[in-house]
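Student: Could you walk me through how to read a few features of a protein model? I would like the general idea each time, and then the case at hand.

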Amino acid sequence: MERTLFSFIWKYSKRDQVLLLLVTLITFPFLYATLELPKRIINDAIGADADTVTLWGVDMGKVQFLLCGIYLVAVLAHGLLKMRLNTMKGIVSERMLRRLRYTLIARMLRFPRSYFRTTSQGELVSMVTSEAEPMGGLMGDALAQPVFQAGQMAII
């Protein structure tokens with residue numbers, strides 16, 4: 001078994017962690033769009049002097065600009081990407097938690113038989129199930145969550 005939890009995570013889920021990182025990086029442009037578009041809609045449509053507003057070379061009336069579907073698309077895309085990212089994190093967490101539990105059971109079976117006579121079964125089961133459970137959430141968030149938080153802070 002590896003000396004640190006992060007080395008255990010990296011050894012068995014390197015490809016998944018990199019994939020989570022890529023999906024995290026893809027969410028950043030949509031986060032920026034969901035923050036920038038309302039500002040542009042309010043400032044350009046309400047505060048504009050003319051009756052038409054030009055956005056990316058397209059002339060629109062103020063009402064059309066306020067009801068623009070670009071914002072809706074950006075919010076939906078960002079929400080769907082975050083949902084997919086969280087689903088992927090959950091899948092990685094469950095796989096890694098299962099691997100950790102199997103590793104713990106394999107390690108416990110190396111104990112001498114006399115140890116099992118003096119130790120209660122509840123203690124052994126508790127060690128494998130409930131004490132390993134908090135590690136599961138950490139395993140899916142090991143690399144992607146810090147990058148997501150830092151990127152979100154930089155964008156905001």
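Student: Is F111 buried, partly exposed or exposed?

Tutor: Some ground rules come along with that. This is a predicted model, where local features need pLDDT of at least 70 and side-chain atom pairs count only at pLDDT 80 or more, while totals for chains, interfaces and linings use all residues. Residues are numbered from 1 along each chain as its sequence is written, and side-chain values use heavy atoms, with hydrogens and water left out. Buried means under 20% relative accessible area, exposed over 50%, and partly exposed in between (1.4 Å probe, protein chains only). F111 has 35% relative accessibility, so F111 is partly exposed. F116, at 31%, is partly exposed as well.

Student: How do I read a pair of aromatic rings?

Tutor: Two values describe such a pair: the distance of the centres and the angle of the planes. Rings of Phe, Tyr and Trp (its six-membered ring) pair if their centres lie within 6.5 Å; planes under 30 degrees apart are stacked, over 60 edge-to-face, and the rest tilted. That rule gives six aromatic pairs here. In one of them, F111 and F116 have ring centres 6.4 Å apart and planes at 40°, so this pair is tilted. Ring pairs also join F111, Y115 and F116 into a cluster.

Student: Which residues of α3 and α5 meet?

Tutor: Helices (H or I, at least four residues) are DSSP runs, numbered from the N terminus, and contact means heavy atoms within 4.5 Å. On the α3 side are R101, L104, I105 and M108; on the α5 side are L124, M127 and V128. Six residues of this contact are nonpolar, none is polar and one is charged. Here Ala, Val, Leu, Ile, Met, Phe, Trp, Tyr, Cys and Pro count as nonpolar, Asp, Glu, Lys and Arg as charged, and the others, Gly among them, as polar.

Student: What about a nonpolar core?

Tutor: In soluble globular proteins, nonpolar side chains tend to be buried together. A core is a set of buried Ala, Val, Leu, Ile, Met, Phe, Trp, Tyr and Cys residues joined through side-chain atoms within 4.5 Å. The largest one has 18 residues, and F8, L20, M96, L100, L104, A132 and M139 touch the most other members. Its largest share, eight residues, comes from α3. Not counting residues up to four places away in sequence, A132 touches L97, L100, R101, L104 and M127.

Student: Is T27 buried or exposed?

Tutor: T27, in helix α1, has 0% relative accessibility, so T27 is buried. Leaving aside neighbours within four places in sequence, T27 contacts H78, L81 and F148.

Terms used. Helices (H or I, at least four residues) and strands (E, at least two) are DSSP runs, numbered from the N terminus.
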